[in-house]
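Here is a short report on salt bridges. Look at the sequence and the structure first, then read on.

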Amino acid sequence: MSHEQRLADTGITLPEAAAPVASYLPAVEAGGFLYISGQISFAEDGSLINGTLGENMHLEAGQAAARRCGIMLLAQMKAALGSLDRVERIVKLGGFVNSAPDFIDQPKVINGASDLMEEVFGEAGRHARAAVGVNTLPLGVAVEVDAVVKLVE
């Protein structure tokens, strides 16, 4: 089954790929890979998902925010590549979680994005990963996720 068909089967409608908020490109294709800049947590209505995990946001809301970052990663892939079928595999995700000092479940939060990649790409969606707690993120968002994607040759 194609990645495009798997995406259609999820019922997810991809938003328009977000424009950069500073001096960088949203995605760069080089050497058979696509490097996608960090995508922040936007709700379906386009509003920012703000919050600090362990302070004013609970784990499930953080996982949902990470999933929304994953959806924006998919939108960036589609915008850069024209089709998700050009993806051979998701190589790595880097996850950043706006965390209270005593919050320790960053890996569980980033599972929201990781699980989405496996849902859309199957075994090719399984990847290496980092999940890091930080004291703040751009625009006060709860989660940011970037990606390295291997392309079909």
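## An exposed partner and a buried one

This model is predicted. Start with E153, which is exposed at 83% relative accessibility. E153 forms a salt bridge with K150. Their closest N and O atoms are 2.9 Å apart. Is K150 buried or exposed? K150 has 15% relative accessibility, so K150 counts as buried. The cut-off for buried is under 20%.

Some salt bridges share partners. In this way E118, E123 and R126 are joined into one network.

Now turn to E119. E119 pairs with R67 in a salt bridge, and the closest N and O atoms lie 3.1 Å apart. What does this pair tie together? E119 sits in helix α3, residues 106–121, while R67 sits in helix α2, residues 59–81. The pair therefore ties together parts that are 52 residues apart in sequence.

Both ends can be described by their accessibility. E119 is partly exposed, with a relative accessible area of 34%. R67 is partly exposed too, with a value of 28%.

## A pair at 3.8 Å

K108 and D105 form another salt bridge. Here the closest N and O atoms are 3.8 Å apart. The cut-off is within 4 Å, so this pair counts. K108 is partly exposed at 42% relative accessibility. D105 is partly exposed at 25%.

## The whole count

How many salt bridges does a search of the whole structure find? The search finds seven. Among them are E119 with R67, K108 with D105, and E153 with K150.

Note on methods. Residues are numbered from 1 along each chain as its sequence is written. This is a predicted model: local features need pLDDT of at least 70, side-chain atom pairs count only at pLDDT 80 or more; totals for chains, interfaces and linings use all residues. Side-chain values use heavy atoms; hydrogens and water are left out. A salt bridge is a side-chain nitrogen of Lys or Arg within 4 Å of a carboxyl oxygen of Asp or Glu. Helices (H or I, at least four residues) and strands (E, at least two) are DSSP runs, numbered from the N terminus. Buried means under 20% relative accessible area, exposed over 50%, partly exposed in between (1.4 Å probe, protein chains only).
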